[in-house]
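Biologist: Could we go through this structure together? I would like to begin with its charged contacts, and with the term used for them.

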Amino acid sequence: MSMWQGACHILIYELRKTRWGFLGSLFLALYMAIIGGMLFRLDEPLVLAAEYWAIDFVFLTTLPCLGFVLSHTNMFYWRNDTFSGKLAEWRILPIPLPQLIWGRLMQIVVILLPMQIIFFLLQYFLVDGMKETISPGPYILFGLFWFLYSLGMAATYAIWEYGYSGKTYMIVCFLYCIFYLLLTFLLSVNDISIVQSLLRGMENGEWWYLLIGLLISIVGIAVSYMSLKRRLETRSF
């Protein structure tokens with residue numbers, strides 16, 4: 001069995017186990033699309049970039065999370081350390097590490113893509129003034145940027161999910177949130193908004209923003225793969 005065949009088998013096995021978790025992820029995508037839509041004020045003139053700090057924070061923190069199923073196991077991973085136990089069992093079997101890692105990363109892609117399609121479709125039709133602010137083509141590029149960003153960042157979460165204990169994973173997630181909060185605050189006091197800049201830039205044909213998203217995605221996946229491979233080779237369960 002090739003590496004990719006093995007990774008696909010792991011992907012299918014995990015998706016079958018977590019199929020009910022898709023409903024939780026779907027609920028989260030719907031909820032965040034509605035809440036995020038309330039933060040937009042595109043129909044009001046002269047909205048400052050500094051006033052967009054909340055929507056920037058929501059996009060940066062929430063969108064990568066749409067790549068993970070919202071299940072009881074994942075919500076309480078910090079307490080029951082489910083993934084550590086599962087990996088300890090899998091490491092006994094003759095499953096090469098690349099298959100385990102790529103199977104997990106592929107699962108993130110398969111879950112993230114439909115959830116973000118739903119999220120951005122709802123945003124486009126629910127947010128007042130969105131259709132007038134950005135046309136469908138540039139909006140697709142806007143969504144594609146966030147998909148690439150989310151994929152790269154979600155991959156880094158997998159390092160802590162599979163490589164460390166549940167408590168460590170929880171602490172790191174809090175640190176991510178603190179970092180994003182500080183970042184959005186610093187940007188807002190300098191009258192800079194990521195979401196606002198992307199919307200305006202994509203509408204003005206500044207497609208090169210996608211290169212930034214692609215770079216984040218490639219770096220995130222590469223760092224995740226190399227870090228997980230090194231960590232799982234030496235981790236004592």
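Modeller: A salt bridge is a side-chain nitrogen of Lys or Arg within 4 Å of a carboxyl oxygen of Asp or Glu. Please keep in mind that this is a predicted model.

Biologist: How many salt bridges does the structure hold?

Modeller: The structure holds 2 salt bridges. One of them joins the side chains of Glu161 and Arg104, with an N to O distance of 2.7 Å. That pair links distant parts of the chain, since Glu161 belongs to helix α9 and Arg104 to helix α7, 57 residues apart.

Biologist: Is Glu161 buried or exposed? And Arg104, buried or exposed?

Modeller: Glu161 has a relative accessible area of 2%, so it is buried. Arg104 is buried as well, because its relative accessible area is 5%. The cut-off for buried is under 20%.

Biologist: Which side chains meet in the salt bridge of 2.9 Å?

Modeller: Those of Lys229 and Glu233, the distance again being N to O. Lys229 and Glu233 are 4 residues apart in helix α12, which spans residues 209-234, so about one helical turn separates them.

Biologist: How accessible are Lys229 and Glu233?

Modeller: Lys229 has a relative accessible area of 28% and is therefore partly exposed. Glu233 counts as partly exposed too, because its relative accessibility is 47%.

Biologist: Let us step back to the whole chain. How many helices and strands does the protein chain have?

Modeller: There are 12 helices and 0 strands. Read along the sequence, the pattern is accordingly α-α-α-α-α-α-α-α-α-α-α-α.

Biologist: What share of the residues is buried?

Modeller: Of the 237 residues in the protein chain, 46% are buried.

Biologist: Back to α7 and α9, then. How do the axes of these two helices cross?

Modeller: As a general point, a packed pair of helices is described by the angle and the distance between the two axes. Here, the axes of α7 (residues 97-126) and α9 (residues 136-163) come within 9 Å and cross at roughly 145°. The crossing is right-handed. By class, the contact of α7 with α9 has 18 nonpolar, 4 polar and 2 charged residues.

Biologist: Where is Gly24 placed, and is Gly24 buried or exposed?

Modeller: Gly24 is in helix α2, residues 21-39. With a relative accessible area of 16%, Gly24 is buried. The C-alpha atoms of Gly24 and Phe68, which are 44 residues apart along the chain, lie 9.7 Å from each other.

Biologist: Now the surface. Which residues form the nonpolar patch?

Modeller: The patch consists of Met170, Ile171, Phe174, Leu175, Ile178 and Leu182, and together they have about 590 Å² of accessible area. Ile178 is found in helix α10, residues 166-189. At 48% relative accessibility, Ile178 counts as partly exposed.

Biologist: One last topic, the backbone. What is the phi of Asp191?

Modeller: Phi of Asp191 is near 60°, a positive value in a residue other than glycine. In general, most residues other than glycine have a negative phi.

Biologist: Where does Asp191 lie, and how accessible is Asp191?

Modeller: Asp191 lies in the loop between α10 and α11, the latter being residues 194-203. Its relative accessibility is 41%, so Asp191 counts as partly exposed.

Notes
Residues numbered from 1 in each chain as written. Predicted model: local features only at pLDDT ≥ 70, side-chain atom pairs only at ≥ 80, totals over all residues. Heavy atoms only, no water. Patch = residues over 30% accessible without salt bridge, like charges linked within 9 Å, V, L, I, M, F, W, Y side chains within 5 Å. Areas by Shrake-Rupley, 256 points an atom, 1.4 Å probe, with all protein chains shown as cover. Buried < 20%, exposed > 50% of the residue type's maximum accessible area, 1.4 Å probe, protein only. Axes fitted to C-alpha atoms, helices over the stretch in contact; angles between N-to-C directions. Left-handed = near helix turned anticlockwise from the far one by under 90°. Nonpolar A, V, L, I, M, F, W, Y, C, P; charged D, E, K, R; others polar.
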